[in-house]
Amino acid sequence: MSKGSLFVISGASGVGKSTVLKLVMEARQDLLFSVSATTRQMRPGEVDGVNYYYITREEFEDRIRRGEFLEYDEHNGTLYGTLNGQIREKLTRGNVILDVEPVGAGNVRKAYPDATLIFIMPPSRQELEERLRGRGDTSQEQIRLRLNRAEWEIEQKDWYDYVVVNRRAQTCAEEILRIIAEKAD
Ligand code: 5GP
């Protein structure tokens with residue numbers, strides 16, 4: 001039996017979503033984060049089983065065949081997927097938060113029509129571009145691809161339940177916390 005509510009957070013790469021999410025999770029320790037599986041490399045500071053389950057493409061594809069994913073999507077050459085087991089088990093314990101991009105968010109909504117979908121917007125296109133360039137390790141081509149992807153993601157915001165602008169991480173987190181407080185069980 002499900003006990004909690006589901007909250008889906010999306011936001012284009014470079015929007016500062018991870019900082020906002022961290023503040024939200026710190027403020028509401030009852031929120032359970034759905035840990036996705038991914039084929040991408042672990043970044044410094046990330047922990048296996050906490051940020052993601054880091055698995056090989058072969059294992060990911062095996063798990064697709066076994067029907068373990070509620071949804072999955074490939075972007076920037078990387079597979080990401082929400083595990084059915086994560087959602088089901090965590091919903092029996094409380095409110096669950098997912099960080100997925102719009103394709104995944106749409107599929108989560110199909111499976112869980114009551115899920116609350118929240119989209120984090122950059123303050124402006126210029127700021128998004130600056131943040132993407134600021135990552136340093138990124139080539140011109142990668143920046144162009146990420147900007148194209150970000151623009152497409154931003155176009156999807158209209159079918160989300162809520163859109164919040166990230167001018168300042170703390171204020172954005174507070175806005176999300178108000179939405180959660182209103183909707184949470
Ligand atoms: P990153 O590699 O920066 O952690 O994440 C890249 C993108 O993948 C983000 O937009 C994030 O929301 C998305 N993402 C993370 N986990 C999942 C997932 O399980 N499913 C889908 N569809 N997207 C995900």
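Trainee: How far does a polar side-chain atom of Tyr52 lie from an oxygen atom of the ligand?
Mentor: 2.5 Å. Keep in mind that this is a predicted model.

Trainee: And how far is the side chain of Ser36, counting its N or O atoms, from an oxygen atom of the ligand?
Mentor: The distance there is 2.6 Å. Lys17 also brings a polar side-chain atom to 3.0 Å from a ligand oxygen.

Trainee: How much of the ligand's accessible area does the protein cover?
Mentor: 88% of the 510 Å² that the ligand has on its own.

Trainee: Which residues around the ligand are closest?
Mentor: Ser36, Tyr52, Tyr80, Asp99 and Glu101. The shell has 15 residues in total. By class, seven are charged, five polar and three nonpolar.

Trainee: Which strands supply at least two residues each to that shell?
Mentor: Strand 5, residues 69–75, and strand 6, residues 78–83.

Trainee: Now the pockets. Where does the ligand sit?
Mentor: In the largest pocket. The volume of that pocket is about 1,500 Å³.

Trainee: What lies nearest the centre of the largest pocket?
Mentor: Lys17, Arg40, Arg43, Tyr52 and Asp99, out of 40 lining residues. The lining splits into 15 charged, 14 polar and eleven nonpolar residues.

Trainee: Which helices give at least two residues each to the lining of the largest pocket?
Mentor: Helix 1 (17–27) and helix 6 (140–155). Strand 5 and strand 6 each supply at least two lining residues as well.

Note on methods: Residues numbered from 1 in each chain as written. Predicted model: local features only at pLDDT ≥ 70, side-chain atom pairs only at ≥ 80, totals over all residues. Heavy atoms only, no water. Near = heavy atom within 4 Å. Polar contact = N/O pair within 3.5 Å; in protein donor to acceptor, adjacent residues only side chain to side chain. Areas by Shrake-Rupley, 256 points an atom, 1.4 Å probe, with all protein chains shown as cover. 1 Å grid on protein atoms, 1.4 Å probe; cavity = no way out; pocket = protein on both sides within 12 Å on 5 of 7 lines; lining within 4 Å. Sits in = over half its atoms within 2 Å of the grid points. Helix = DSSP H or I, 4+ residues; strand = E, 2+ residues; numbered from the N terminus. Nonpolar A, V, L, I, M, F, W, Y, C, P; charged D, E, K, R; others polar. Points joined across faces, edges and corners; volume = space filled by probe spheres on them.
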